[in-house]
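Reader: I'm new to looking at protein structures. Could we go through this one together, a question at a time?

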Amino acid sequence: MTIKIYMLDTTSFWKDYEAGRQKPELLSSFLSVNRQQKIQRFRYAQGKALSLGAGLLLDYGLREYGLREKDVVLSYGSDEKPYLQDYPMIHFNLSHSNSMAMAVFGDQEIGCDVEQIGTPDYRIVRRFFAEEEAEVIEEQINDREKTRMFYRFWTLKESFLKVTGKGIRMPLNDFSILLGSAIQVKYIGEIKPYTFQEFFLPDYQAALCIKGIRREIPTKIQFLAPQDIF
């Protein structure tokens, strides 16, 4: 199965919330009550916009299966990872950063992460990354390459945590990402059966991780504008 990836810049939603316009409220009315409540719990426009964008992408992706976000039941396992209670064959994951929202859909357990590229706090590298990851970052020849490598590791590690459902319960330095022609993950001295893919965007770095070893991951990525959603 092809992995479907959807990206949405929520800047216009952010501006609409700040200006007190009604468009975001109208769009959120197409989503579930739970998503509407989640949006409203955010205090600032940015958080509201990202939560709205994530909900709209989930709704957009579910239409491929003849479903809508407002009609499905989201449940959470003991690891707090969301899943579709009545459609266990549909796997999805959501992520967002700054103004970018991301959603992925597949036929196996899947995780994703997107991060805006900024100026990293390298103090966290030696504190939270695996030793071999820290060494790769520190050996980069210039600041630009060092920054890009930081975000490569960060998004790959986060996508792995999200596919496993461990989240913050698994320390970042308990496992290591091994870069190469095929990206691998090592945990407790063993290579684990997961497959990764990266996406290098102008201002963002993104990654996905899927359970199982695959020679390649067929993917279809769509960059959506707000007017594309409906």
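Reader: At what angle do helix α1 and α4 pack?

Author: Happy to start there, and keep in mind that this is a predicted model. Helix α1 covers residues 11-19, and its axis and that of α4 are 8 Å apart. The angle at which the two pack is about 130°.

Reader: Which word describes how α1 and α4 lie to each other, oblique or roughly antiparallel?

Author: Angles over 145 degrees count as roughly antiparallel. The packing angle here is about 130°. The crossing of α1 and α4 is also right-handed. With that angle, α1 and α4 are therefore oblique.

Reader: Which residues in α1 meet α4?

Author: On the α4 side, the residues are A45, Q46, K48, A49, L52, G53 and L56. By class, this contact of α1 with α4 has seven nonpolar, two polar and two charged residues. The residues in α1 that meet them are F13, W14, Y17 and E18.

Reader: How do α3 and α4 lie to each other, roughly parallel or roughly antiparallel?

Author: Helix α3 spans residues 33-41 and helix α4 spans residues 45-62, with their axes 8 Å apart. Their packing angle is about 160°, and angles over 145 degrees count as roughly antiparallel. So α3 and α4 are roughly antiparallel.

Reader: What is the handedness of the crossing where α3 passes α4, and which residues of α3 make the contact?

Author: The crossing of α3 past α4 is right-handed. From α4, the contact uses K48, S51, L52, A54 and G55. The classes are three nonpolar, three polar and three charged residues. From α3, the contact is made by R35, K38, I39 and Q40.

Reader: How many nonpolar, polar and charged residues are in the contact of α6 with α7?

Author: Helix α6 (residues 131-138) and helix α7 (residues 143-164) have axes that come within 8 Å and cross at roughly 155°, so these two helices are roughly antiparallel. E133, V136 and I137 of α6 touch K146, M149, F150, F153 and K157 of α7. Sorted by class, they are five nonpolar, no polar and three charged.

Reader: Which strand gives the most to the lining of the second largest pocket?

Author: This pocket holds about 270 Å³ of space. Its lining has 16 residues, with A182, I183, T195, F196 and R214 nearest its centre. By class, the lining has six nonpolar, five polar and five charged residues. The strand that gives the most, with five residues, is β10 (residues 194-200).

Conventions: Residues numbered from 1 in each chain as written. Predicted model: local features only at pLDDT ≥ 70, side-chain atom pairs only at ≥ 80, totals over all residues. Heavy atoms only, no water. Axes fitted to C-alpha atoms, helices over the stretch in contact; angles between N-to-C directions. Helix = DSSP H or I, 4+ residues; strand = E, 2+ residues; numbered from the N terminus. Parallel < 35°, antiparallel > 145°, perpendicular 65-115°, else oblique. Left-handed = near helix turned anticlockwise from the far one by under 90°. Contact = heavy atoms within 4.5 Å. Nonpolar A, V, L, I, M, F, W, Y, C, P; charged D, E, K, R; others polar. 1 Å grid on protein atoms, 1.4 Å probe; cavity = no way out; pocket = protein on both sides within 12 Å on 5 of 7 lines; lining within 4 Å. Points joined across faces, edges and corners; volume = space filled by probe spheres on them.
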